Amino acid sequence: MRETQKEWTIKGVKRTAVVVLPAKTEGAPIVFGFHGHGGNGRNSANRWNLQALWPEAIFVYPNGLPTKTPRDPEGGKPGWQMFGGGGLFPNRDMDFFNAMLETARKEWKVDDKQLYC
């Protein structure tokens with residue numbers, strides 16, 4: 001397994017994730033592990049250590065952005081957008097997820113039938 005930090009730019013905003021890749025990625029299952037409010041991908045990767053349970057899979061532990069929630073009305077801690085941001089239902093985190101999935105399909109050639117969150 002090889003661990004790396006991956007970056008995407010979504011609508012001008014840099015987004016990151018900790019990615020753990022097996023020796024062979026083509027046809028591999030992929031698991032996205034989203035941290036709770038106030039957490040981060042690095043801590044989730046270390047605490048959950050899911051990659052040790054399924055070494056053939058790709059694991060992606062994304063990092064949220066500072067997000068206002070009922071428990072964090074100031075939005076000082078990283079988390080995930082719970083509601084649309086205007087328009088028909090735009091959501092910065094869904095855009096981020098779509099970008100990560102596109103990378104997984106193009107660069108790592110994951111198995112779409114084995115996609116887990």
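Guide: In charge counting, Lys and Arg are positive and Asp and Glu negative, with His and the chain ends not counted, and each charge is placed at NZ of Lys, CZ of Arg, CG of Asp or CD of Glu. Here the protein chain carries 16 positive and 12 negative side chains, and the centres of the two sets lie 3 Å apart. This is a predicted model, in which local features need pLDDT of at least 70 and side-chain atom pairs pLDDT 80 or more, while totals for chains, interfaces and linings use all residues. Residues are numbered from 1 along each chain as its sequence is written, and side-chain values use heavy atoms, leaving out hydrogens and water.

Visitor: How many helices and strands does the protein chain have?

Guide: Helices (DSSP H or I, at least four residues) and strands (E, at least two) are numbered from the N terminus. The protein chain has two helices and seven strands, in the order β-β-β-α-β-β-β-α-β.

Visitor: In which sense do strands β1 and β2 pair?

Guide: Two strands pair if DSSP finds at least two bridges between them. Strand β1 (residues 2-10) and strand β2 (residues 13-21) are antiparallel, with nine bridges, and arginine 2 stands opposite leucine 21 in β2. The two strands form a hairpin with two residues between them, and lysine 11 in that turn has a positive phi of about 50°.

Visitor: What share of the residues of the protein chain is buried?

Guide: Buried means under 20% relative accessible area with a 1.4 Å probe, counting protein chains only. By that criterion, 42% of the 117 residues of the protein chain are buried.

Key. Buried < 20%, exposed > 50% of the residue type's maximum accessible area, 1.4 Å probe, protein only.
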